[in-house]
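I opened the notebook to record what I looked up, going from whole chains to a single residue and then to the pockets.

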Amino acid sequence: MDDVAIVGIGMHEFGRHDGMSGQDQGVVAVRRALADAGLRWEDMEFAFGGSAAAGAADTMVSKLGLTGLQFINVSNGCATGGSALFSAVNTIKSGTFDLGIAIGYDKHERGAFRVNTRASGLGDWYGKSGLALTTQFFGMKINRYMEEFGISHSTLAKVSVKAMKNGSINPMAWRRKPLSENEVLESRMLSYPLTQYMFCSPGEGGVALVLARADRAKDYCDTPIHLKSAVVRSRRFGSFEVMAPSLALDRAAGPTVDASAAAFEAAGMTPADMDIAQLQDTESGAEIMHMAECGFCEDGEQEELIQSGATDIGGSFPINTDGGCLANGEPVGASGLRQVYENVLQLRGDAGERQVPNDPHTAFTHVYGAPGISGVTILSR
Amino acid sequence: MATQVPVEEGVFSWPSDDPRLLGSRCADCGTVVFPRQHGCPRCTGSDMRDTELGTHGTLWTWTVQAFPPKAPPFIGDADPATFEPYGVGYVELPGEVKVEARLTESDPEKLSVGQEMELRIVPLTTDDEGNEVVTFAFAPVS
């Protein structure tokens, strides 16, 4: 899949923006992406856009310009951004259009996600009884994983320390203050073994990516970034996922394993070919487990890798160089596109103070979310 | 004594001297699911038969809900001043399924993977008519 390139990127700062709608943050991201590509809204032949909690994306045409373009709303939980990107890529690959945009934005209320059990296909008893919390799943998954594979509480904390350090040098990030390992470990316990500073928070922000046929990409930018693959997968029977009142006795690999394997196959690459990665870090345990699920190490090897700094910006395999969800928060519709935005910056060599020193040519993104869905992209310069 | 009502009909048998979780078993492949549903998540068949689940199992994994969940949907005590943390875990029922449930124990020192657990029906809140609303939970076997 060498025929689609990212030629413009735009982002609205992640965080809390009182008085500004989620959609307006999406509009800012679109204008910035168009400016980056040297294009105007009227040049866009199609758009895919979505938010989980901030309204229908297609209504933003009244602010951007009524040009009559094909605008399709995408709503796919935590994979909303990834699904918009997947759809945009295939729209170009099919030959239907040559130039378009993928948009994701969101704005969530404060605190843990309030789950609508009916809309999630669950009985009301589940939420009424106090089981409809994504935080519980993350606590339970890493708790068992730590026991099975020897991951320490210190390693859990170090993931957050790295995220906040990277966030502190990212002008787009929400959390800009470095934290010490002790501060992370001693913050309030929310869902054992995860403390407050090991969790990301639902937040606000927007990201837009302009995509073009690769053979015309040089018309719009000096360093087009090629999309080698974009894959979304749902859960299979036996996998251990969020919002599951029951699980099968025999355990199967989760959608992250499936999406990652499919993305590498489509790109004709292997995990060893990747130079950097942005992995879903809803909480610090998720980053640890996703390292193995995506194929970058064996279960348990994370302990040594993280303790030795291998996943730091200056390490042998930098992960979540922009601070991840932990430092940026999670505006669900925008989160997956934020990861791609960061990888484009890194591959262009434009990441400023947080530019990785290993001259990256390839980059990997991975989102995970309810009800057991994963989206993966592989980019190359 | 207040009348006890289940948090929702069809999730567990109540009132009962021997309350059970109500699941489904696939007539084609034998897969057990909880709560009841019409389709089999394993073989995609649709011949699901009602089944009552066992009441004893082992703790597969666990956490502790240490902050009040948002209300709604939660109907228990969500007042930060009086909220009582509760355990949450998956209990593996031998030969059947792993069930997600509240745990009666919330002290991390007293919970461990592999521990023996048994089904309980526990109070959740009192409704507007003065009924005690109950849900299911698992308790460590002492």
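**Entry 1, chain B as a whole.** I began by reading the elements of chain B from the N terminus on, and they run β-β-β-β-β-β-β-β-β. The model I am reading is a predicted one. The count for chain B accordingly stands at 0 helices and 9 strands. I then looked up the radius of gyration of chain B, which is 16 Å and close to the 14 Å that the globule rule gives for 142 residues, so chain B is as compact as a globular protein of that length. Taken along the principal axes, the C-alpha atoms of chain B fill a box of roughly 50 × 40 × 30 Å. I noted that buried residues account for 47% of the 142 residues in chain B, and that 51% of the contacts between residues at least 6 apart in sequence join residues at least 24 apart.

I went through the corresponding values for chain A, which has 12 helices and 12 strands. Its radius of gyration is 19 Å, close to the 21 Å that the globule rule gives for 381 residues, so chain A too is as compact as a globular protein of its length. The C-alpha trace of chain A spans about 55 × 50 × 40 Å along its principal axes. Of the 381 residues in chain A, 63% count as buried, and among its contacts between residues at least 6 apart in sequence, 75% join residues at least 24 apart.

**Entry 3, a sheet in chain B.** I next traced an open sheet of 3 strands in chain B, with the order β3-β2-β4 and antiparallel pairing. The edge strands are β3 and β4 (48-52) of chain B, each of which pairs on one side only. Strands of a sheet pair through backbone hydrogen bonds, either parallel or antiparallel. For β2(B) and β4(B) I noted antiparallel pairing over 5 bridges, and I found B:Arg25 standing opposite B:Arg49 in β4(B).

Is B:Cys26 buried or exposed? I first placed B:Cys26 in strand β2 (residues 22-26) of chain B. Its relative accessible area is 3%, and because buried means under 20%, B:Cys26 counts as buried. Leaving aside neighbours within four places in sequence, I listed its contacts as B:Thr31, B:Cys40, B:Cys43, B:Asp47 and B:Met48. I also looked up B:Ala71, 45 residues apart from B:Cys26 along the chain, and the C-alpha atoms of the two are separated by 35 Å.

I turned to the largest pocket, in which about 1300 Å³ of space lies. Of the 45 residues that line this pocket, A:Gly111, A:Ala112, A:Phe113, A:Thr134 and A:Pro202 are the closest to its centre. Both α5 (134-149) and β11 (362-369) of chain A supply at least two residues of the lining, and the largest share, 3 residues, comes from α5(A). By class, I recorded 24 nonpolar, 12 polar and 9 charged residues in the lining of the largest pocket.

Which residues lie nearest the centre of the second largest pocket? They are A:Arg235, A:Pro245, A:Ser246, B:Gln37 and B:Pro41, out of 26 lining residues. The volume of this pocket is about 640 Å³. At least two lining residues each come from β9 (246-247) of chain A and β3 (32-33) of chain B. By class, the lining of the second largest pocket has 15 nonpolar, 7 polar and 4 charged residues.

Note on methods
Residues numbered from 1 in each chain as written. Chains lettered and ligands numbered in written order. Predicted model: local features only at pLDDT ≥ 70, side-chain atom pairs only at ≥ 80, totals over all residues. Heavy atoms only, no water. Helix = DSSP H or I, 4+ residues; strand = E, 2+ residues; numbered from the N terminus. Buried < 20%, exposed > 50% of the residue type's maximum accessible area, 1.4 Å probe, protein only. Contact = heavy atoms within 4.5 Å. 1 Å grid on protein atoms, 1.4 Å probe; cavity = no way out; pocket = protein on both sides within 12 Å on 5 of 7 lines; lining within 4 Å. Points joined across faces, edges and corners; volume = space filled by probe spheres on them. Nonpolar A, V, L, I, M, F, W, Y, C, P; charged D, E, K, R; others polar. Pairing = 2+ DSSP bridges. Rg over C-alpha atoms; globule rule 2.2 N^0.38 Å.
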